[in-house]
Amino acid sequence: MKPKIAGFPATRLRRLRATPAVRALVAETVLGPADFIWPVFVRDGTDISEPVTSMPGVNRLSVDKVVDAAREAHALGIPAICLFPYTDPSRRSEDAAEAWNPENLSNRATRAIKDAVPDIAVMTDVALDPYSSTGHDGFVVDGEIVNDETVEALVKQALSQARAGCDIIGPSDMMDGRIAAIRAELEREGFRNTAIMSYSAKYASGFYGPFRDAVGASGALKGDKQTYQMQPGNSDEAMRLIERDLSEGADMVMVKPGMPYLDICRRAKDMFGAPTFAYQVSGEYAMLAGAFDRGWLDGDKVMLESLMAFKRAGCDGVLTYFAPAAARLLNG
Ligand SMILES: NCC(=O)CCC(=O)O
């Protein structure tokens, strides 16, 4: 339908911008704390909150502090928290067996949060990079990141997370066939309500640098991730990946990074109508937080504007390190 619009002065588009009340009435997009998933970094120890240098304001937290963070998130109206472990190098290995250890950091943190704050949803990360000595998301054999052997390991990792009580499994590894394999195992083991949010359209991006510092993977990574993550110029391929993951049993899909890929979010939402999320990744956070700290950008204003953009682009929610700060602002 082509919208009809009278000529000037019958139509003055500024009329609907004249007062806060009228602007509120015609607002097309609403942003609230319920739109956020808060990614947090977990480390060993007790009573530790250790700054991540390249992400001002973000800390690696010991499990007791992660529980405090979950309490804070819940009180702010944030529905979900997403765990990323900083694994001690001594626990990284070629077979990445720590990934499915029921007592690994991520599983311990999941149990502690679900115990203390049962109403917050816990999302966990499925990929081998926090646990592998190579820093890759899959096993490396003769220089190749092998797909099918990796999927078998990812299934074990996902099952251990479901057993620890997580609500949402987030496969971020970009192997083929992992959603179907994980979904089948969850059904077999009786985890019918464990949701899967697939990192379906994950690009081989330069914006993940600070995250790799935060989880201690920067030093470990040999080579790059271009044989499994997408090339930044592709959009049709993102649609094929999303369609494939939905057909394999993903409940929700994700586009990552976020701000440079809003066209992909819009296209995905229009094409599939599935619950669609974006990850405002560490590099996006670092750019913004760095400029806020220097007074080059108005922090409160730009933070909310950046998050609103995801909603306008069709996202149902966004993973953002700004979650608590933005929720505090939105709650007034
Ligand atoms: N699998 C999780 C990530 O790679 C996060 C990236 C980021 O925040 O830069």
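Select Lys202 to begin: this residue belongs to strand β9, residues 195-202. Strands (E, at least two residues) and helices (H or I, at least four) are DSSP runs, numbered from the N terminus. The model is predicted: local features need pLDDT of at least 70, side-chain atom pairs count only at pLDDT 80 or more, and totals for chains, interfaces and linings use all residues. Residue numbers start from 1 along each chain as its sequence is written.

**The two lysines**

Lys202 counts as buried because it has 27 C-beta neighbours inside 10 Å. A residue is termed buried if 20 or more other C-beta atoms lie within 10 Å of its own, exposed if 12 or fewer, and partly exposed in between, with C-beta atoms placed from the backbone. Leaving aside residues up to four places away in sequence, Lys202 touches Ser172, Met174, Gln229, Met230 and Lys256. Contact requires C-beta atoms, placed from the backbone, that lie within 7 Å.

Next, select Lys256, found in strand β10 (residues 252-256). Lys256 is buried, with 23 other C-beta atoms within 10 Å. Not counting residues up to four places away in sequence, the contacts of Lys256 are Tyr199, Ala201, Lys202, Tyr203, Ala278, Tyr279 and Val281.

An unreviewed UniProt entry places the feature "active site" at Lys202 and Lys256. They span 55 residues in sequence, yet no two of their C-alpha atoms are more than 4.8 Å apart, so they gather at one spot. UniProt positions are given in the numbering used here, feature names are shortened, and annotations may be inferred rather than shown by experiment.

**The ligand shell**

Now display the ligand. Around it are Asp125, Ala127, Ser172, Tyr208, Phe211, Val281, Ser282 and Gly283; the criterion is a C-beta atom, placed from the backbone, within 6 Å of the molecule. By class, this shell holds 4 nonpolar, 3 polar and 1 charged residues.

**Helix α9**

Select residues 282-293, helix α9: its 12 residues reach 16 Å from first C-alpha to last, close to the 16 Å expected at 1.5 Å a residue. The expected span is 1.5 Å times one less than the number of residues. Buried positions in α9 are Ser282, Gly283, Glu284, Tyr285, Ala286, Leu288, Ala289 and Phe292. These buried residues pack against α6 (209-214), β11 (276-280) and α10 (299-312). After α9 comes Gly295, with a positive phi near 75°.

Turn to Val42 and Ile81, which touch the most other members of the largest nonpolar core, a set of 97 residues. Such a core consists of buried Ala, Val, Leu, Ile, Met, Phe, Trp, Tyr and Cys residues joined through C-beta atoms within 7 Å. Its largest share, 8 residues, comes from helix α4 (residues 147-164). Ile81 touches Trp38, Val40, Ala69, Ala70, Ala73, Ile113, Ile120 and Val122, not counting residues up to four places away in sequence.

Select α4 itself. Buried residues of α4 include Val151, Leu154, Val155, Gln157 and Gln161. Their cover includes α3 (105-116), β5 (121-126), β6 (139-141), β7 (144-146), β8 (168-171) and α5 (178-188). Just after α4, Gly165 adopts a positive phi of about 110°.

**An exposed loop position**

Finish at Asp119, in the loop between α3 and β5. Asp119 counts as exposed, with 8 C-beta neighbours inside 10 Å.

Methods:
Nonpolar A, V, L, I, M, F, W, Y, C, P; charged D, E, K, R; others polar.
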